[in-house]
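Subject: Structure handover

Hello,

Here is the structure for you to look at. Notes on what was found in it follow below.

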Amino acid sequence: MEDVTSVAALWWAVIFSGLYHGINPGMGWPLAVSAALMEQKARALPRALAMLALGHFLAMIVILLPFSLMLVLVEYETQIRIGAGVIVIAMGVYLLINRRHPRFLARVHPARLALWSFLAAMAHGAGLMLVPIFLGICAIGVDEVDHLAAEKLMGNNVGTAFIVAALHTFAMTVAGGVIAVIIYLWLGLKFLSKTWFNLDIIWALSLIVVGAFGIYTAYSGH
């Protein structure tokens, strides 16, 4: 029963982290609004959101896939989860100290939304935030599958990585899309420029919290 509860909590964490990323303007929904308003075509909005989602999904896969391919995950699962948690905390501390946005993002052409989204997610540690959650999901039931071939276990983890990335990206796109539609249809870009909100500090702190959560669950055996 405890394992089932742990699985459910971790999958909900995947969804809520996606919603959180979607709400954060740093993940790109203002660019989708801007693209639609500039083209003066409603269909430009879902197209822009789709490109942002594609870039974000690819960034999640680039981070998660190497962990899913680690055959040592079974034998050194706790150590790897603790190490991942430490890396996520370090990223959060770095972002707290360095508040400047990466300059290279400003050099990406506005039309290349998928590339921008990919680079933004990598630069802000969005994928890293999922690592402790993903490793926790992969760890559930590891004791019961030790007898299976390593290739099958690795295949299961790869599949889980794609599901986690897809579910997270879907939640992000829904959250960011709702905000983008509201601003595009009723509020406009002028409202956006006047009410811009910055979540940089909250974002950095959330990385530290997620990293600490990953270390805690690794130690507690969840």
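**The largest cavity**

Helix α7 gives the largest share of the lining of the largest cavity, 3 residues. The model is predicted: local features need pLDDT of at least 70, side-chain atom pairs count only at pLDDT 80 or more, and totals for chains, interfaces and linings use all residues. Residues are numbered from 1 along each chain as its sequence is written, and side-chain values use heavy atoms, with hydrogens and water left out.

Both α3 (44-68) and α7 (150-194) supply at least two residues of this lining; helices here are DSSP runs (H or I, at least four residues), numbered from the N terminus. The lining consists of Gly-22, Met-27, Gly-28, Trp-29, Leu-49, Leu-52, Met-172, Thr-173 and Gly-176. By class, 5 of these residues are nonpolar, 4 polar and none charged (Ala, Val, Leu, Ile, Met, Phe, Trp, Tyr, Cys and Pro count as nonpolar, Asp, Glu, Lys and Arg as charged, and the others, Gly among them, as polar).

The volume of the largest cavity is about 60 Å³, and there are 3 cavities of 30 Å³ or more. A cavity is a set of points on a 1 Å grid over the protein atoms alone where a 1.4 Å probe fits but cannot get out, and lining residues have an atom within 4 Å of a point. Grid points are joined across faces, edges and corners, and a volume is the space filled by probe spheres set on the points.

**Helix packing around α3**

Helix α2 (residues 29-39) packs on α3 at an angle of about 150 degrees, with the axes 8 Å apart. Axes are lines fitted to C-alpha atoms over the stretch in contact, and angles run from 0 to 180 degrees between N-to-C directions. The crossing of α2 and α3 is right-handed (the near helix is turned clockwise from the far one by less than a right angle). On the α2 side the contact (heavy atoms within 4.5 Å) includes Trp-29, and on the α3 side it includes Leu-49 and Leu-52. This contact has 10 nonpolar, no polar and 2 charged residues.

The axes of α3 and helix α5 (residues 113-123) come within 7 Å and cross at roughly 40 degrees.

**α4 and α8**

Helix α4 (residues 77-97) and helix α8 (residues 200-220) pack at about 165 degrees, with their axes 8 Å apart. That makes α4 roughly antiparallel to α8. This crossing is left-handed. By class, the contact has 18 nonpolar, 5 polar and 1 charged residues.

Regards

Note on methods:
Parallel < 35°, antiparallel > 145°, perpendicular 65-115°, else oblique. 1 Å grid on protein atoms, 1.4 Å probe; cavity = no way out; pocket = protein on both sides within 12 Å on 5 of 7 lines; lining within 4 Å.
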